[in-house]
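Open the coordinates in your viewer and keep the selection panel at hand.

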Amino acid sequence: MDMLVKPTAQLKGDIQALSSKNYTTRYLLVAALAEGTSTIYYPAHSEDSDAMRRCLQDLGAILEEDDTKIVLTGFGNIPRLQPASKELNVGNAGAVLRFLMGIASLLPEVHFVNTYPESLGKRPHDDLIVALQQLGADIEHREGRLPITIRGGQLQGGHIKVSGNISSQYLSSLLFLLPLLKEDSVVEVTDDLKSKVVVCQTLEVIREAGITIEASEDLMHYRIPGGQHYTARTYHVQGDYPGSAAVLAAAAVTHSDVTLRGLTVDSKQGERAIVDVLRMMNVPLTHEDSVVRVQSAGKLTAIDFDGDAATDAVLAMVAAAVFADGTSRFYNVENLRYKECDRITDYVNELRKAGANVEERQAEIIVHGRPEGVEGGVEINAHYDHRVIMALTVVGLRAKQPIRIKDAHHVAKSYPQYFDHLLALGAQVEWIDG
């Protein structure tokens with residue numbers, strides 16, 4: 001399905017932020033790795049979190065769910081793959097794939113299928129493959145990409161090196177796995193480490209589950225005792241800043257009075273920086289008691305911002321900057337190139353189609369703001385990428401003519417209710433057959 005986004009002068013209303021996808025997938029995983037029953041309140045519902053649910057069930061976890069919670073009985077240290085085909089299908093969920101590649105290495109054989117060859121099927125996983133091979137896993141792959149077959153079961157801890165230059169998810173995968181091995185392990189991160197704030201989320205969740213990990217202050221070295229066991233317990237999922245970034249950006253670029261609830265002020269989500277960025281852009285807002293209220297006249301000023309700590313909010317920030325007075329620069333964002341699509345080149349090309357004045361560098365997006373709005377009146381390819389879909393919608397609200405976003409239903413990967421929430425706020429958006 002395509003989405004037609006029409007010029008919208010005003011947004012107004014009060015909505016509850018969706019639950020965090022990142023925390024939901026992590027809580028599901030640590031609950032599955034525990035023996036006993038855990039309860040996860042307010043889990044996210046998205047294609048990514050559903051992929052984690054499905055795969056954990058295939059590995060032997062038992063899930064029961066109602067409107068407010070998931071009750072999960074884990075498989076503990078010993079996953080047992082249920083399908084006779086030995087296959088796991090993570091859909092288009094890169095983080096789910098990478099987290100489960102580590103856990104799957106505990107099994108004799110697992111085959112990860114390639115169901116999204118034009119998206120996840122193009123993303124590299126070489127650095128994680130190399131790290132798992134150091135533990136003793138035998139891995140078949142196509143130049144680091146799906147389909148991937150892992151033959152493990154006899155892993156040994158030790159001194160493991162992993163590159164963090166492409167994604168922090170490789171490191172997170174090892175942090176979930178290594179406490180389960182008999183031997184103590186040391187992890188050394190080589191090169192750079194992208195998205196350090198997301199590693200902090202991983203460590204937070206793992207420690208909540210009763211696991212001991214010693215991490216250096218710069219997050220580049222870890223000591224992990226072996227022979228540990230995850231503990232079953234109760235978790236509460238906080239509101240999701242990455243998805244909320246697009247809603248807040250939409251409020252910022254229009255005349256608005258929008259309230260978004262459930263966004264914890266002291267959250268470890270790096271994308272909470274969207275609130276600070278909008279303040280820097282002189283957008284009138286308040287953030288108190290987990291409630292953000294934006295009362296904007298649609299007037300913004302340009303900024304410079306280091307995007308590495310807030311990767312999943314950068315595209316929404318760029319969308320807001322399209323209408324700012326002056327030139328904005330979002331730097332240190334090269335890892336955007338290794339997501340569901342190349343979120344620099346592909347996104348910039350689509351922004352230009354809509355009439356935005358944007359440039360790219362290898363690790364930067366530069367936006368020459370157009371406070372008068374952009375022309376629109378075009379069809380845009382969002383490259384099956386949920387973050388691109390959300391951000392392009394923000395741009396469409398301030399276009400002079402409607403824009404049509406191809407295959408916008410892929411927003412369900414992280415935020416199935418996105419367009420419902422925008423409609424509730426008064427956005428002029430309409431589903432049309434693709």
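Where does A382 lie? Select A382: it is in the loop between β27 (379-381) and α11 (386-397). Bear in mind throughout that this is a predicted model.

Is A382 buried or exposed? Its relative accessibility is 0%, and buried means under 20%, so A382 counts as buried. Now show its contacts. Leaving aside residues up to four places away in sequence, A382 touches V388, I389, L392, I405 and K406.

Next, select residues 94-104, helix α3. How many of its residues are buried? The count is 11 of 11. The buried set runs from end to end of the selection and includes G94, R98, F99, M101 and A104.

Last stop: the open sheet of four strands in the order β5-β6-β4-β16, where the pairing is mixed. Select 62-65 for β5 and 234-236 for β16; each of these edge strands has a single partner strand, so one side of each is left without a neighbour in the sheet. On average, neighbouring strands of this sheet are turned by 15° against each other, direction ignored. Zoom in on β5 and β6 (residues 69-73), which pair in the antiparallel sense over four bridges. Here I62 stands opposite T73 in β6.

How values were computed: Residues are numbered from 1 along each chain as its sequence is written. This is a predicted model: local features need pLDDT of at least 70, side-chain atom pairs count only at pLDDT 80 or more; totals for chains, interfaces and linings use all residues. Side-chain values use heavy atoms; hydrogens and water are left out. Two strands pair if DSSP finds at least two bridges between them. Helices (H or I, at least four residues) and strands (E, at least two) are DSSP runs, numbered from the N terminus. Axes are lines fitted to C-alpha atoms, for helices over the stretch in contact, and angles run from 0 to 180 degrees between N-to-C directions. Buried means under 20% relative accessible area, exposed over 50%, partly exposed in between (1.4 Å probe, protein chains only). Contact means heavy atoms within 4.5 Å.
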